[in-house]
Amino acid sequence: MNSGTRVEIHGLQSEEGQKLNGSQGTISHFSTERGRYAVRCDKGGDSCMIKEENLKPLDDDIFEGEDAMLEQLKRMGMPEKMLANLTPSQKKTMFEMTKRRDIVDKARKAVG
C-alpha cells in the first residue's frame with residue numbers, strides 16, 4: 001500500500017485496538033523498523049501504527065464529486081491555500097483525471 005491510500009482498520013484484538021476497529025483513515029508512510037503503516041484517522045486526526053493485515057484498502061479512489069476529491073487531496077497533505085486557489089478549470093481537469101484508473105495507479109506509485 002502507498003501513502004495516500006484510504007483504509008479501514010479491522011481485526012485489532014487489544015482493548016485499545018478494538019476502539020480503532022472500523023475506523024477509516026489515510027496511510028501517511030510505512031515504517032520498515034516497525035513493520036507497520038502510519039495511518040492518520042479521519043476522526044480526530046490521530047496517527048497510529050498498524051500492521052498491513054489489519055488494514056483493508058477502501059475502493060474510493062474514484063471520487064463521486066469534486067468535494068470528495070478536494071477532501072482527499074487535503075488528507076494527502078495538499079495545502080489548503082493551494083486547493084483554494086485552484087481555478088474551476090483546474091478542478092474539473094483534476095476531477096476528470098481521478099476517473100481514469102491508469103492515472104490513479106500512476107499517482108499512487110509516485111506518492112508511494
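This report describes the fold, the nonpolar cores, a helix pair and selected residues of a predicted model.

The structure is a predicted model, in which local features need pLDDT of at least 70 and side-chain atom pairs count only at pLDDT 80 or more, while totals for chains, interfaces and linings use all residues. Residues are numbered from 1 along each chain as its sequence is written, and side-chain values use heavy atoms, with hydrogens and water left out.

**Overall fold**

The protein chain contains five helices and five strands. Both are DSSP runs numbered from the N terminus, with helices being H or I of at least four residues and strands E of at least two. Along the sequence, the elements follow the pattern β-α-β-β-β-β-α-α-α-α. The protein chain has 112 residues, of which 29% are buried. Buried means under 20% relative accessible area, exposed means over 50%, and partly exposed lies in between (1.4 Å probe, protein chains only).

The accessible surface of the protein chain is about 7400 Å², and carbon and sulfur atoms account for 49% of that surface. Accessible areas come from the Shrake-Rupley method with a 1.4 Å probe; for residues, only the protein chains shown count as cover. A contact means heavy atoms within 4.5 Å. Of the contacts between residues at least 6 apart in sequence, 48% join residues at least 24 apart.

**Nonpolar cores**

In soluble globular proteins, nonpolar side chains tend to be buried together. A nonpolar core is here a set of buried Ala, Val, Leu, Ile, Met, Phe, Trp, Tyr and Cys residues joined through side-chain atoms within 4.5 Å. The largest such core has 10 residues: Val7, Ile9, Leu12, Ile27, Tyr37, Val39, Cys41, Cys48, Ile50 and Leu55. At least two of its residues come from each of strand 1 (6-9), strand 3 (36-41) and strand 4 (47-50). Strand 3 gives the most, with three residues. Another core lies apart from this one and has six residues, including Met69, Leu83, Leu86 and Phe95.

Ile50 touches Ile9, Leu12, Leu20, Arg36, Tyr37, Val39 and Leu55. Ile9, in strand 1, counts as buried because its relative accessibility is 0%. The contacts of Ile9 are Leu20, Asn21, Gly22, Ser23, Val39, Cys41, Cys48, Ile50, Asn54 and Leu55.

**Packing of helix 2 and helix 4**

Helix 2 (residues 66-75) packs against helix 4 (residues 88-97) at an angle of about 85°, and their axes are 10 Å apart. The two helices are therefore roughly perpendicular. Axes are lines fitted to C-alpha atoms, for helices over the stretch in contact, and angles run from 0 to 180 degrees between N-to-C directions. Angles under 35 degrees count as roughly parallel, over 145 as roughly antiparallel, 65 to 115 as roughly perpendicular and the rest as oblique.

Helix 2 contributes Glu66, Met69, Leu70 and Leu73 to the contact, and helix 4 contributes Lys91, Met94 and Phe95. By class, these are five nonpolar, no polar and two charged residues. Ala, Val, Leu, Ile, Met, Phe, Trp, Tyr, Cys and Pro count as nonpolar, Asp, Glu, Lys and Arg as charged, and the others, Gly among them, as polar.

**Selected residues**

Gly25 is placed in strand 2 and, at 0% relative accessibility, counts as buried. Its contacts, with residues up to four places away in sequence not counted, are Thr5, Arg6, Val7, Val39, Arg40, Cys41 and Asp42. Ser31 also belongs to strand 2 (residues 24-31). With 13% relative accessibility, Ser31 is buried, and under the same exclusion of sequence neighbours it touches Arg36 and Met49.

Asn54 sits in the loop between strand 4 and strand 5 (55-57). The relative accessibility of Asn54 is 10%, so this residue counts as buried. Beyond residues up to four places away in sequence, Asn54 touches Glu8, Ile9, His10, Gly11 and Leu12.

Lys109 lies in helix 5 (residues 101-111) and is exposed, with a relative accessible area of 66%.

The table gives C-alpha distances for pairs that include some of these residues.

| Pair | Separation in sequence | C-alpha to C-alpha distance |
|---|---|---|
| Gly25 and Cys41 | 16 residues | 4.1 Å |
| Asn54 and His10 | 44 residues | 5.1 Å |
| Ile9 and Leu20 | 11 residues | 6.5 Å |
| Lys109 and Ser3 | 106 residues | 8.9 Å |
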